[in-house]
Amino acid sequence: MTALHGDVHAGLRKRVATLGKPRKATYIVLAIFVLGSLFPFYWSFLVASRDNGMLTERIPPFLPGGNFFANAARVFDTVPFWKALANSVIVSGTVTLTTVLFSSLAGFAFAKLRFRGRNGLFVFIVVTLAVPTQLGIIPLFIAMSELGWAGHLESVIVPNLVTAFGVFWMRQYTVDALPYELIEAARVDGCSMIRIFWNVCLPAVRPAAAILAMFTFMMSWNDFLWPLVVLDAGNPTVQVALEKLQSGYYVDYSLVLAGTTLATIPILIVFVLLGRQIVAGIMQGAVKG
């Protein structure tokens, strides 16, 4: 009987080891996926490093040219790109910080605190996700004009200080990531509610906050419609400045894609900075599943 149990356990261990090893087909599929994801970035850089003539060639080149820095200099000469980059950094950075902070606070309250109307208020917040953003543009523009913020960065920052998706995301993560026992232990030690949030809740939800920060920064950086409506031509964000590069009768795609390549760099930097937390959050979810 002992020998039989030993054979069974050995077989199970061998089976688990076999299942745990990725096959060559897995690496091939992943490599194809990675190459397919990187190709648009490479093609943008390829066009940005040459001139418009390459687009008319029967067999386009697949190696970068030597005109990228010249095209990048033309971008800064054509539109106020430095100002657009600074504006986008200010807007996206501020919106990201406030969204993560306020969403974490609201998520903690909805997930772990008991108060009257909690469920109804949370349902109302979730329902607002179904309302198209375009419906609020006209009344929001009127409100910004009444406040004297039209044409200024405040009109882009203030309406996006917190999002319904951020509150929903952080609430769903906090429900499982923060046990009630930790909160009760902190209360026994004499911690105030804000200290419990800062010292107990935030470390527990850090992976989700990093993912929310990444998505919020990306969405704010790529936002086009509202900044186009409310900001002046001399005070644009990056996406509005890129639109100005292709607003003429003749579109110089090497110029446009040079600007697009430059506008992509800050998002890549943010992803590198938050990548470890994002991977940790994904792996933690996989282990829980």
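The questions and answers below take up salt bridges and then a helix residue.

This is a predicted model, in which local features need pLDDT of at least 70 and side-chain atom pairs count only at pLDDT 80 or more, while totals for chains, interfaces and linings use all residues. Residues are numbered from 1 along each chain as its sequence is written, and side-chain values use heavy atoms, with hydrogens and water left out.

Q: How many salt bridges does the count come to?
A: A salt bridge is taken as a side-chain nitrogen of Lys or Arg within 4 Å of a carboxyl oxygen of Asp or Glu. By this rule the count comes to two.

Q: Which residue forms a salt bridge with Asp252?
A: Asp252 sits in the loop between α13 (238-245) and α14 (253-288), and its partner is in helix α3 (residues 68-78), so the pair ties together parts 178 residues apart in sequence (helices are DSSP runs of H or I, at least four residues, numbered from the N terminus). The closest N and O atoms are 3.0 Å apart, and the partner is Arg74.

Q: What is the N to O distance in the salt bridge of Glu184 and Arg187?
A: Glu184 and Arg187 are three residues apart in helix α9 (residues 180-188), and therefore separated by about one helical turn. Glu184 is partly exposed at 39% relative accessibility, and Arg187 is partly exposed at 39%. Their side chains meet with an N to O distance of 3.2 Å.

Q: Is Ser155 buried or exposed?
A: Ser155 belongs to helix α7 (residues 154-157). With 0% relative accessibility, Ser155 counts as buried.

Key:
Helices (H or I, at least four residues) and strands (E, at least two) are DSSP runs, numbered from the N terminus. Buried means under 20% relative accessible area, exposed over 50%, partly exposed in between (1.4 Å probe, protein chains only).
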